[in-house]
2 protein chains.
Amino acid sequence: MPELRQSRVTKDWVIVATDRAKRPHEFRLQRSKRELPPHDPACPFCPGNEGNTPPETFAYRDGLAAANSSSWRIRVVPNKFRALAPSGSFDRQSVNGFYRRMDGVGIHEVVVESPLHNVSIGTMPGSQVEEVFLAYRERYNAIWKDGRFSTVIIFRNHGVAAGTSLEHPHSQLIATPIVPTHIRRLLDEAMRYFDDHGSCVFCDTLAVERRTVERVILETENFFVYAPYASQSPFETSIVPKKHNACFGSASELETRELANVVRLVLKRMNEKLNDPDYNYVIHTAPFKDANEDYYHWSIQILPRLTTQAGFELGSGISITTAVPEESAKFLREENGKTQGASA
Amino acid sequence: MPELRQSRVTKDWVIVATDRAKRPHEFRLQRSKRELPPHDPACPFCPGNEGNTPPETFAYRDGLAAANSSSWRIRVVPNKFRALAPSGSFDRQSVNGFYRRMDGVGIHEVVVESPLHNVSIGTMPGSQVEEVFLAYRERYNAIWKDGRFSTVIIFRNHGVAAGTSLEHPHSQLIATPIVPTHIRRLLDEAMRYFDDHGSCVFCDTLAVERRTVERVILETENFFVYAPYASQSPFETSIVPKKHNACFGSASELETRELANVVRLVLKRMNEKLNDPDYNYVIHTAPFKDANEDYYHWSIQILPRLTTQAGFELGSGISITTAVPEESAKFLREENGKTQGASA
C-alpha cells in the first residue's frame with residue numbers, strides 16, 4: 001500500500017510509492033566512473049589560471065604567498081557568471097502598476113574546494129573538507145557583517161543532473177537582499193510549532209529520530225544524521241547539530257571541522273554504495289535577523305538526484321519517492337557489510 | 001543588472017539572471033529529432049497490447065467496438081505502476097507519536113492520447129487533441145462525482161528531462177485524498193488578494209498582461225496565453241480562461257475544444273522553434289470544495305525543461321532563469337517570421 005507522509009517541518013506531504021519502490025541497492029548507478037585528470041589546463045579553477053576568475057575574496061594558502069597566486073588550498077572568488085550583482089538599489093519597485101521588482105543585488109561566490117581537478121567532497125582528505133567548511137563559515141560571517149543582505153544560501157551541485165557542468169570541485173554561495181518566501185514559510189511553520197509546543201521542531205525531530213532508531217544514519221558528538229520521515233526523494237539525508245542553534249555562522253571552529261567530516265563521511269558512503277551519484281547539498285540557516293531564534297535550527301540537506309521531478313510534483317508540490325526512508329537509512333548506515341552506529 | 005521579480009500569485013521571487021541570459025534562439029536544442037516508429041509491438045500503449053494495461057476506465061472509439069478492443073482513438077487506463085492505490089483508509093494516523101501519515105489512497109490513471117506511437121500534442125491533428133482534453137474533463141468530473149477525493153492533478157511529462165521514459169504519447173492524472181499543502185498556500189494567497197482588492201488575482205493579471213502587451217503570446221475568444229512576469233524558467237507559459245472560473249471541470253465542451261487547440265498551437269510553436277524540447281504541463285485547478293470560489297482561477301502551466309534546478313533553488317525556493325520573459329513571449333508570438341496577435 002502506498003503511503004502519504006507529512007513533514008513536521010514544512011507540512012508538505014510526500015508519497016512513498018511502495019507499489020513501485022526499489023530496494024536500496026537497485027539505485028546503484030550502472031554507469032562507469034567519471035574519469036578526470038588531476039589537472040586540466042583549460043579549467044578556470046585549476047592552479048595557474050587564477051587570472052581567469054575575478055580576484056579572490058578569501059583563500060587558504062601556504063605561508064606568505066600573495067593573493068591570487070597559485071599556491072592555494074581553498075579559493076573563494078566572485079562567480080564570473082553571477083546570478084546577482086554586488087551593487088544596486090535595495091528598493092522594491094512597482095512594475096505595470098501591479099508587479100513588484102527590485103535590482104538583483106547580492107553576492108554570488110564560488111568556493112573552489114581543491115587545487116586538484118578530479119576530487120570531490122567524498123574523496124578528499126578530511127583536512128581539506130574541514131577547510132572548505134571553515135571557508136563557508138568565514139564568508140557567511142563576513143557577509144553577515146556587511147549588513148546589507150538578508151541571508152546566505154550555501155550549496156553544492158555535483159554532476160549534470162544536479163545542475164552543474166563544471167567538473168572542478170566547487171561549492172557556491174548566494175546572498176540575497178530579501179528573505180526568500182520559501183524560507184519565510186519554513187520560519188512561520190517552525191514558529192507556529194514553537195507556539196504550540198514550547199519547543200523547536202528540529203530539536204523534537206532529533207529526539208524522536210534518536211528514539212525511533214530506524215532512520216538514523218550516523219551520530220557523532222555534535223551532529224546527528226538521518227533520513228527524513230517524509231523524504232522527498234531517494235536517499236535524502238539531513239545533518240543537524242544536536243545543540244539548538246538557528247544559525248550556521250554561529251557554529252564554533254571545532255563544530256565546523258566535525259561537521260565537515262560528517263558530510264564527507266556521508267558523501268563517501270553515497271559515492272561508494274550508489275556509485276558516485278549526482279547530488280545537491282544546501283545549508284539551511286535562519287536569515288541573519290533570526291539568528292538567535294528559539295524556534296529555528298540550521299541543518300544540511302543532501303539530495304541525490306537519482307530521479308526527476310515531473311508534472312505531478314509541479315502541480316501538487318507533493319514529491320513521489322520510490323525509496324522507503326527506513327531502508328535507505330539502513331543501507332547508508334552499514335559500513336563494510338557490518339551495521340554500525342544505531343542498530344538495524 | 002540582474003533582476004528580482006515577485007509573482008503576484010505565489011509571492012515567490014525569481015531571479016532573471018541578465019548577466020548570463022541567453023537570447024531566445026540560443027535555447028534551441030541542437031540534438032537530432034526523436035525518430036520513432038508509428039507502431040512499436042513492445043509498447044504497452046500501442047494498439048493490440050490492450051491486455052498489457054489494466055482495463056480501461058474511459059475511451060473514445062469508433063462505432064460499437066467493445067471496451068479494451070483495439071479500435072480506440074483515446075484510451076484511459078489505471079497506471080500499472082501507480083503512485084496511489086484506489087482503496088484504503090482515509091484516516092490520518094500518528095507515527096512515532098510525532099509524525100502524520102495516511103494510506104496512499106487515490107486514483108492514478110494514464111490517458112493514452114493516440115494509437116500512433118510517434119506523435120505528440122504539438123504534432124497531432126486538432127481533432128485528436130480535442131478528444132484528449134475532453135477525456136481529461138470526463139475523468140476529472142467522474143472523479144469529482146466519486147466524492148472521496150480532494151482534487152485531481154492532470155499533467156503531461158514529455159521527454160526524459162521531464163521525468164518520463166515512455167515514448168508513447170500519454171498524459172496522467174492523479175486524484176489525492178488531501179488538498180496538497182502547496183495548493184492550500186496558493187488558495188490562501190489568492191484569498192488574501194481577494195480580501196485586499198475585491199477581485200481575482202488571475203483576472204487582474206490577465207487585464208494587466210493584455211494592457212502591457214509585451215508578455216502576450218496569443219489570444220483566442222476564450223483563452224489568453226502569456227509568459228508570466230516572474231517566470232521560473234525559460235519559456236514558462238500560462239494559459240488561462242478569460243472568463244472567471246476556478247474549476248477546470250466546469251469548462252464547457254466548446255471551451256475545452258478551444259483550449260485543446262490553444263495548447264496544441266503553443267506546443268507546436270515550441271516544437272518548431274526550440275526543436276522539440278522536453279516539457280511538463282499541468283492543469284492547476286481548485287480543489288473540488290473550492291470549485292465555485294471568486295478568488296481562484298484555473299490555468300495550464302507549460303514548463304519546458306531546458307535548464308536544471310540546482311542547490312540554490314532547493315535552499316531558497318528562488319528560481320534563477322536565464323531567459324527574459326518579454327523576449328521569450330515575443331519569440332513564441334511570432335509565426336513564420338511575422339509578428340501576429342499582440343504587436344512586438
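**View 1. Crossing of helix 1 and helix 4 within chain A of the predicted model.** The axes of helix 1 (residues 126–146) of chain A and helix 4 (residues 253–274) of chain A come within 8 Å and cross at roughly 125°. The two helices of chain A are therefore oblique to each other. Helix 1 of chain A passes helix 4 of chain A in a right-handed crossing. Helix 1 of chain A contributes A:G126, A:V129, A:E130, A:V132, A:F133, A:L134 and A:R137 to the contact, and helix 4 of chain A contributes A:E253, A:T256, A:R257, A:L259, A:A260, A:N261, A:V263 and A:R264. Sorted by class, this contact comprises 7 nonpolar, 3 polar and 5 charged residues.

**View 2. Strand pairing between chain A and chain B.** Strand 6 (residues 99–103) of chain A and strand 1 (residues 3–6) of chain B run antiparallel and are joined by 4 bridges. Within this pairing, A:D103 has B:E3 of strand 1 of chain B as its bridge partner.

**View 3. The interface of chain B with chain A.** On the side of chain B, 61 residues are in contact with 61 residues of chain A. The residues of chain B that form this side divide into 30 nonpolar, 19 polar and 12 charged.

**View 4. Relation of the two copies.**

Terms used: Residues are numbered from 1 along each chain as its sequence is written. Chains are lettered from A and ligands numbered from 1 in the order in which they are written. This is a predicted model: local features need pLDDT of at least 70, side-chain atom pairs count only at pLDDT 80 or more; totals for chains, interfaces and linings use all residues. Two residues are in contact if their C-beta atoms, placed from the backbone, lie within 7 Å. Ala, Val, Leu, Ile, Met, Phe, Trp, Tyr, Cys and Pro count as nonpolar, Asp, Glu, Lys and Arg as charged, and the others, Gly among them, as polar. Two strands pair if DSSP finds at least two bridges between them. Axes are lines fitted to C-alpha atoms, for helices over the stretch in contact, and angles run from 0 to 180 degrees between N-to-C directions. Angles under 35 degrees count as roughly parallel, over 145 as roughly antiparallel, 65 to 115 as roughly perpendicular and the rest as oblique. A crossing is left-handed if the near helix is turned anticlockwise from the far one by less than a right angle, and right-handed if clockwise. Copies are superposed by least squares on the C-alpha atoms of residues with pLDDT of at least 70 in both.
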